[in-house]
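Thanks for coming. I will go through one model this morning, a few helices and a few loop residues at a time. Please have the structure open as I talk.

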Amino acid sequence: AVRAIELDDSLAEAHAALGLYLSVYSWNQPAAEREFRRAIELNPNYPTARQQFASYCLMAMGRFDEALAEARRAHELDPFSPVISADVARALFFARRYEEAIDQLKQNLSLDPNFYFGRRLLASIYHARGSYAEAAAEFRRALTLDDDPFSRALLARSLAKLGQTGEARKIVRELEAQSAQHYIPSTGLAVAYWALGEKDKAFMYLGKDITERASRCVLYPVYPIFDDLRSDPRFPEVVRRIETAKMD
């Protein structure tokens, strides 16, 4: 991205790409915001810049109203993009406007019922509002579309909330075994173990996520899947570690 900007500073795509890096991998939101705003200034009708600015940078800073406005503008510019439509729902989800988010996702999935990200997001919203059986059913449906380990961990969390701890533990044991062979996101394992009552293990996996500089870490301060963990006095230290680990 830096090389592309050196070659042509007027490329909106290059500034958006650098903004995405600075947000999700460098964890430097002020620098990311400057790049996204430069991209939008150069091409106000570039929907991906607005979508990514909303979904990663503005939401990471807890600026949900601004994020929703940018996501909706991106959707106006590209109304048939499944991921941009779903990211409108994601902005509503992060703002804890669950019913509106569900309505938006139902519209999204009416265009493509097999859109994996939409299914997973709908399941997460059902869980957040306490509809654990609906969440588990949607996670299972999502997993028929993509055997994503993150979704499997979130399914385990919903099952634990339903009291189906045997299946939940089986899932997390399988994911831990697979982590010896390939990357398994620690975020999902953390919230699954929290739901199973194993709080120390949950925080061990949160720490592992930070050490691995996982892209979801930037959303820890605001991500609804961590709402159950926020009352633990260790959680502010987790957030502090992320905030002090930003890079240029």
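This is a predicted model: local features need pLDDT of at least 70, side-chain atom pairs count only at pLDDT 80 or more; totals for chains, interfaces and linings use all residues.

**Helices, core and loops**

Residues are numbered from 1 along each chain as its sequence is written, and side-chain values use heavy atoms, with hydrogens and water left out. Helices are DSSP runs of H or I with at least four residues, strands are runs of E with at least two, and both are numbered from the N terminus.

Back to α8 itself, residues 116–128. The helix has 13 residues and reaches 19 Å from its first C-alpha to its last, close to the 18 Å expected at 1.5 Å a residue; the expected span is 1.5 Å times one less than the number of residues. How many of the residues of α8 are buried? The count is 12 of 13, so α8 is mostly covered, where buried means under 20% relative accessible area, exposed means over 50%, and partly exposed is in between, with a 1.4 Å probe and protein chains only. The buried residues include Arg119, Arg120, Ser124 and His127, along with Phe117, Leu121 and Ile125. Among the elements covering them are α6 (82–94), α7 (98–111), α9 (132–145) and α10 (149–161).

Leaving aside neighbours within four places in sequence, Ile125 is in contact (heavy atoms within 4.5 Å) with Phe93, Tyr98, Ala101, Ile102 and Leu105. Ile125 is also one of the residues that touch the most other members of the largest nonpolar core, which has 85 residues; the others are Phe94, Leu206, Tyr223 and Phe226. A nonpolar core here is a set of buried Ala, Val, Leu, Ile, Met, Phe, Trp, Tyr and Cys residues joined through side-chain atoms within 4.5 Å. As general background, nonpolar side chains tend to be buried together in soluble globular proteins.

Next, α6. This helix has 13 residues and reaches 18 Å from first C-alpha to last, close to the expected 18 Å. Here 11 of the 13 residues are buried, and α6 is mostly covered. The buried residues include Asp87 and Arg90, as well as Phe93 and Phe94. What covers them includes α4, α5 (64–77), α7 and α8. Just after α6, Arg96 takes a positive phi of about 65°.

Is Asn108 buried or exposed? Asn108 is buried, because its relative accessible area is 3%. Not counting residues up to four places away in sequence, Asn108 touches Pro82, Ser85, Ala86, Phe115 and Gly118.

Now a helix pair. Helix α2 (residues 12–24) and helix α4 (residues 47–60) pack at an angle of about 10°, with their axes 10 Å apart. Axes are lines fitted to C-alpha atoms, for helices over the stretch in contact, and angles run from 0 to 180 degrees between N-to-C directions. The two helices are therefore roughly parallel; angles under 35 degrees count as roughly parallel, over 145 as roughly antiparallel, 65 to 115 as roughly perpendicular and the rest as oblique. On the α2 side the contact is made by Ala16, Leu20, Ser23 and Val24, and on the α4 side by Ala49, Gln52, Tyr56 and Cys57. These residues divide into six nonpolar, two polar and no charged. In that count Ala, Val, Leu, Ile, Met, Phe, Trp, Tyr, Cys and Pro are nonpolar, Asp, Glu, Lys and Arg are charged, and the others, Gly among them, are polar.

Last, the loops. Trp27, in the loop between α2 and α3 (29–42), has a positive phi near 60° without being a glycine. Trp27 is buried, with a relative accessible area of 5%. Arg213 has a positive phi of about 50° and is not a glycine either. Arg213 lies in the loop between α13 and α14 and counts as partly exposed at 24% relative accessibility. Arg230 lies in the loop between α13 (199–211) and α14 (235–243) and is partly exposed at 26%. Not counting residues up to four places away, the contacts of Arg230 include Arg96, Tyr220, Tyr223 and Phe235.
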